[in-house]
Amino acid sequence: MADFPADSIPDAKPSSTLERERANSPDALYDVLVIGAGPTGLACAIEVQKAGFKVVAVDKGCICNSLFHYPSHMTFFTTPELLEIGNIPFPSPNPKPTRNEALQYYRLVAAHYKLDVRQYERVESVAGADGHFMVHTEDRFGRRGQLKTRKLIVSTGYYDLPNLMHIPGENLSKVHHYYNDPHPYFDTDVMVIGGKNSAAIAALELWRSGARVTLVHRHEAMHRHVKYWIKPDIENRIKNGEIKACFHTEVVEIAEDSVVLKTPHGLQTVKNDFVFAMTGYHPDFSFLQSMGVRFEGPDKLPVCNPQTLESNVPGIFLAGVIVAGSRTNEIFIENGRFHGGQIARALLAQN
Ligand SMILES: Cc1cc2nc3c(=O)[nH]c(=O)nc-3n(C[C@H](O)[C@H](O)[C@H](O)COP(=O)(O)OP(=O)(O)OC[C@H]3O[C@@H](n4cnc5c(N)ncnc54)[C@H](O)[C@@H]3O)c2cc1C
């Protein structure tokens, strides 16, 4: 069995209280502050720290907060080695790791590198300019704080803001934009809206847990990008009539006990208890805009140098899925994890 060098064994202990207190002093000036401690933000913090910069990462939730809110029993689409960051192996007994394994892996990597991650602190606003940014935060009790930094990396992802349908009834408590667990929906009428992986997975899990599932999608069939091991499963359930599918159909209104559909044959009212609108998510463009980041084109691509990832605002770098604007299916963990290296090299070149 291979021996691991002592410093490559993940250490689950967080940084000491003393270090944290010193860093918390109002005068502490960081070289780099990373907003968002998802896989990309962590990869950025690691690479920048390895390059010799003093770095802090701030997240409004826990480490990898978006992954924490993914479906409880989800399996990634990617093999473990493509999710690795910081050159730390991701051991998994499964060909595709689970959400639980990924959460544990990223947590251990953060601990191994002794990253200074401030969890449960939302960045509210950023003031100042390159070399002297002031980052205003608010914790979960509404307490405000501020951190000073020379440079900023924004890796805030896209999972906080669902694409709304803007239809009557969308704000009813029975309508969910996040699917988590199928168990509460046994013996109920559930509608799943969407035609991609998330919709297919939710529909299948809900049906397997005893819900009566209707899948509604505005196009003629499930999306061609549905993974090759999921597509036949959902298509066969539909063919067998186990999951009812309404293609070329849109939901136009949601009421307490029903949903109104616009079908090729006219309006139809369907009995319904719960709705899962798996209609995608988008980055917080207004947050980026508040820092002066500009966007281009219908996909709202943020203006940034593709080599350095520095945005049109000097000193503000973008990383992860937000770099692709609303084309959220172009950057994921697999490729976003390399943004940290790009930014670290750019920072070294600027120094
Ligand atoms: C169900 C599902 C399955 C997926 N499977 C795969 C897969 O198999 N392989 C793959 O490569 N990708 C997969 N993806 C996509 C992948 O998870 C995302 O692309 C990836 O998480 C993006 O990483 P990120 O670090 O850019 O953003 P995120 O992981 O979303 O991290 C952003 C972080 O920023 C924090 N944040 C946001 N705003 C603020 C603020 N104002 N202040 C402080 N913190 C803030 C959030 O809390 C969050 O922790 C999947 C996505 C979903 C939804």
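Reader: Which residue has a polar side-chain atom that lies 3.0 Å from an oxygen atom of the ligand?

Author: That residue is Asn65. A polar contact is a pair of N or O atoms within 3.5 Å; within protein, one must be able to donate a hydrogen and the other to accept it, and residues adjacent in sequence count only if both atoms are side-chain atoms. The protein covers 93% of the 1,000 Å² of accessible area that the ligand has on its own (Shrake-Rupley method, 1.4 Å probe; for residues, only the protein chains shown count as cover).

A word on the model. It is predicted: local features need pLDDT of at least 70, side-chain atom pairs count only at pLDDT 80 or more, and totals for chains, interfaces and linings use all residues. Residues are numbered from 1 along each chain as its sequence is written, and side-chain values use heavy atoms, without hydrogens and water.

Reader: How many residues surround the ligand, and which are the closest?

Author: There are 32. Asp59, Ser66, Tyr70, Phe77 and Thr78 are the closest. A residue counts as near if one of its heavy atoms lies within 4 Å of the molecule.

Reader: Why is Phe77 called partly exposed?

Author: Its relative accessible area is 34%. Buried means under 20%, exposed over 50%, and partly exposed in between (1.4 Å probe, protein chains only). Phe77 falls in between, so it is partly exposed. Phe77 is in the loop between α3 (65-68) and α4 (99-112). Helices (H or I, at least four residues) and strands (E, at least two) are DSSP runs, numbered from the N terminus.

Reader: What makes a surface patch of Phe77, Tyr228 and Trp229?

Author: Patch residues have over 30% relative accessible area and no salt bridge; like charges are joined within 9 Å, nonpolar side chains (Val, Leu, Ile, Met, Phe, Trp, Tyr) within 5 Å. Phe77, at 34%, passes the area cut-off. The three residues form a nonpolar patch with about 350 Å² of accessible area together.

Reader: What makes Asp189 and Lys271 a salt bridge?

Author: A salt bridge is a side-chain nitrogen of Lys or Arg within 4 Å of a carboxyl oxygen of Asp or Glu. The pair is at 2.7 Å, N to O, so it qualifies. It links distant parts of the chain: Asp189 is in strand β8 and Lys271 in strand β13 (residues 266-271), 82 residues apart. Asp189 also meets Arg212, at 3.0 Å. Side chains of opposite charge can pair when their charged atoms come close.

Reader: Which residues do salt bridges that share partners join into one network?

Author: Asp187, Asp189, Arg212 and Lys271. The salt bridge count comes to 16.
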